[in-house]
Structures are given as structure tokens and as C-alpha cells.
Amino acid sequence: QVQLVESGGGLVQAGGSLRLSCAASGSIIRIASMGWYRQAPGKQRELVAAITSGGNTNYADSVKGRFTISRDNAKNTVYLQMNTLKPEDTAVYFCNAVAATRYSDLSDYWGKGTLVTVSS
């Protein structure tokens with residue numbers, strides 16, 4: 001199993017910044033990709049940003065130029081630097097990892113989520 005622990009959420013004013021972190025632990029052999037998804041009230045969960053072990057990144061159009069995803073492979077940790085935050089960025093942010101363990105092939109794992117609230 002893989003455990004994902006997120007941190008860094010909170011309340012911030014519009015235009016401000018936050019940095020989310022997510023550390024993966026467990027019987028991990030390989031992490032193919034890590035990423036962040038978010039879910040706002042009444043909406044479906046959506047991809048925010050993802051990064052592969054090789055450093056390739058993918059961003060939602062709505063966050064391009066404002067958010068930056070990075071990864072420390074040695075620490076199995078992914079970060080999301082969020083700048084110029086907008087009220088519409090308010091959501092619960094979930095960490096995701098696609099990982100292989102001693103006991104399973106590549107599978108999806110999810111954190112419990114961290115709330116980001118952007119006030120106007």
C-alpha cells in the first residue's frame with residue numbers, strides 16, 4: 001500500500017500564494033507519476049497538474065502560468081506552488097500517485113485532501 005499525506009492548505013486572499021506538499025510512503029518500488037486534483041463543492045474532481053518521474057508536466061488550462069508542480073524523487077514528494085490565487089481556485093486538493101509496490105502493479109493512490117480557500 002501507498003500512503004499519501006498532504007499539507008499546506010489554508011485560507012488566503014485573492015492574489016496570494018500557497019504551497020502544497022504531498023509525501024508518499026509505503027512499500028513503494030516505483031512511482032510513475034504524481035499529481036494534484038481538486039474538487040469544488042458541487043463539481044467533479046478535476047486534474048490540476050501532474051508530473052512524471054522523468055519530469056514531464058501537465059497542467060489544467062485554468063492554472064497555466066500561475067501554478068507550478070515539482071517533484072523530489074528521492075523523497076517521493078510532490079509540490080504545488082500556487083500563485084495569483086483566485087476565488088475559483090477554492091476547492092479540496094487531492095494528491096494522487098500512480099505507483100507500483102512490492103504487492104501490486106501500477107495503481108492509483110489518493111490522499112485525504114487538503115482544503116484551499118481563496119477569499120475575494
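Arg 66 touches quite a list of residues: Gln 81, Met 82, Asn 83, Thr 84, Leu 85, Lys 86 and Asp 89, leaving out residues up to four places away in sequence. Touching, or contact, here means heavy atoms within 4.5 Å. This is a predicted model, in which local features need pLDDT of at least 70 and side-chain atom pairs count only at pLDDT 80 or more, while totals for chains, interfaces and linings use all residues. Residues are numbered from 1 along each chain as its sequence is written, and side-chain values use heavy atoms, with hydrogens and water left out.

Where does Arg 66 lie? You'll find Arg 66 in the loop between β6 (57–59) and β7. The strand labels come from DSSP runs numbered from the N terminus (strands are E, at least two residues; helices are H or I, at least four). Arg 66 has a relative accessible area of 10%, so this residue is buried. The cut-offs are under 20% relative accessible area for buried, over 50% for exposed, and partly exposed in between, with a 1.4 Å probe and protein chains only.

One of the residues Arg 66 touches, Thr 84, sits in the loop between β8 and β9. Thr 84 has a positive phi of about 45° although it is not a glycine, and at 45% relative accessibility it counts as partly exposed. Asn 76, in the loop between β7 and β8, also isn't a glycine and has a positive phi, of about 50°. Most residues other than glycine have a negative phi.

Now for the inside. The largest nonpolar core has 31 residues, and those with the most contacts inside it include Leu 4, Met 34, Trp 36 and Met 82. Such a core is a set of buried Ala, Val, Leu, Ile, Met, Phe, Trp, Tyr and Cys residues joined through side-chain atoms within 4.5 Å. The largest share of this core, 5 residues, comes from β9. Leu 4 is in contact with Cys 22, Met 34, Cys 95 and Trp 110, among others, once its neighbours within four places in sequence are set aside.

A disulfide (a pair of cysteine sulfur atoms within 2.5 Å) joins Cys 22 to Cys 95, with S to S at 2.0 Å. Cys 22 lies in strand β3 and Cys 95 in strand β9, so the pair ties together parts that are 73 residues apart in sequence. The torsion about the S-S bond is about -85°, so this disulfide is left-handed. Cys 22 is buried at 0% relative accessible area, and Cys 95 is buried at 0% too.

Strand β3 also has pairing partners; two strands pair if DSSP finds at least two bridges between them. β1 and β3 pair in the antiparallel sense over 6 bridges, with Ser 25 in β3 as the bridge partner of Gln 3. β3 and β8 are antiparallel as well, over 6 bridges, and Val 78 in β8 is the bridge partner of Cys 22.

Lastly, look at some rings. Arg 19 lies over the face of Tyr 79, at 4.1 Å from the ring centre, and Arg 45 over the face of Phe 94, at 3.7 Å. The rule asks for NZ of Lys or CZ of Arg within 6 Å of the ring centre and within 35 degrees of the ring normal.
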